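This report concerns the structure displayed below. Please keep the sequence and the model in view while reading.

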Amino acid sequence: MSSPDSPKGAVVAVRGLVKTFVQAGPWPWSPERAVRAVQGVDFEVAPGEVIALVGQSGSGKTTVSRIVLGLEEPTDGQILLDGERWDGRTESDRRTRRARYQYVPQDAMGALDPQQTALEHVVETLAVLGGRDRAQAKADGVAMLQRLGLGERLDALPREMSGGEQRRVTLARVLALDPSLVVADEPTSGLDPDRRASVLEALVGNLPEHAGCILVTHDMTEAREWCDRVLVMLAGRVIEEIDLAESEPAHPYARILFDPWSGAVPREPLATQGCPYQPNCPLDTARAPDSPCGRAVPALTAMDGPEHRVACYAHGSSSQS
Ligand code: SF4
């Protein structure tokens, strides 16, 4: 099930991803409505790379991350993990490879067993998913918890841990499996800034060299500080892809997101035709007489190098075919 479209060495390659949900109407007799949550998303993650998927809630970032791990099926498109098709596999086929592709949930407390200690959580995961014998699982579990600063908390139950410690136990379970890919969905949600930093340091600092990581976040400071590349999503599409160490955002929506002082969010409903940001766009292009903004979706186009791509007519995009 390998694919010639897989870029050499990419841990993840996403091609033309589409996800449509069918939503029931408010009354039993109301017609169903198709909601296009993801509309043609493409990206790759290289070994050792940490990318951020950012955007407001409803932008499609969590749906993309869940599809990448096979927790949801795409409506269209391909997911390649380590060069092999991952979409369309049976659950039993996925289960045999599940240890390589790991998910860090937002709700750490909900993911932990209230009756198990920190060490028991990691040992259980290594024995069941990682196939290690109990003695090896225990030795590896202790080593990983020590690396994550939990060496003194091996026997702590979830209710005895701080929020940051609970998150680090969920990370220890994932990282001890030596995964190829980690998808972390808002792993610092609800924590204070110091604990956020310690959780991200534990994740990024202990990622295996061969692994890639997708961090789903609405915190732009985290994306800037911890990620090699950022994909900004709006209305189910990637509207900018950027290495923030090299360039600053160009799309007007991305500029607002990354401006810590703006506090502004789109006030007008997003457009359903053309560029979704047009009703909110402050650029002259959006209102120019012959502007394509209201007619056709702009394509993601290289701006000042292949690492920086923007979907905006004011920055040279053509229309999506
Ligand atoms: S494509 Fe047009 S409406 Fe959309 S962000 Fe660019 S200028 Fe504004």
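The sections below treat the basis of the model, its sheet and one of its helices.

## Basis of the model

This is a predicted model, in which local features need pLDDT of at least 70, side-chain atom pairs count only at pLDDT 80 or more, and totals for chains, interfaces and linings use all residues. Residues are numbered from 1 along each chain as its sequence is written.

## The sheet

An open sheet of mixed pairing is formed by eight strands, in the order β6-β7-β8-β3-β9-β10-β12-β11. Helices (H or I, at least four residues) and strands (E, at least two) are DSSP runs numbered from the N terminus, and two strands pair if DSSP finds at least two bridges between them. Because β6 (101-104) and β11 (301-302) each have a single partner strand, one side of each is left without a neighbour in the sheet.

Strands β3 (residues 50-54) and β9 (residues 229-234) run parallel and are joined by four bridges. The bridge partner of A52 in β9 is V230.

## Helix α7

Helix α7 (residues 193-205) has 13 residues, which should span 18 Å at 1.5 Å a residue; its end C-alpha atoms are 17 Å apart, which agrees. The expected span is 1.5 Å times one less than the number of residues.

The buried residues of α7 are R196, V199, L200, A202 and L203. They fall within an arc of 155° seen down the helix axis, so they line one face of α7; the arc is that of the directions from the helix axis to the C-beta atoms. On the other side of α7, P193, D194 and G205 are exposed. A residue is buried if 20 or more other C-beta atoms lie within 10 Å of its own, exposed if 12 or fewer, and partly exposed in between, with C-beta atoms placed from the backbone.
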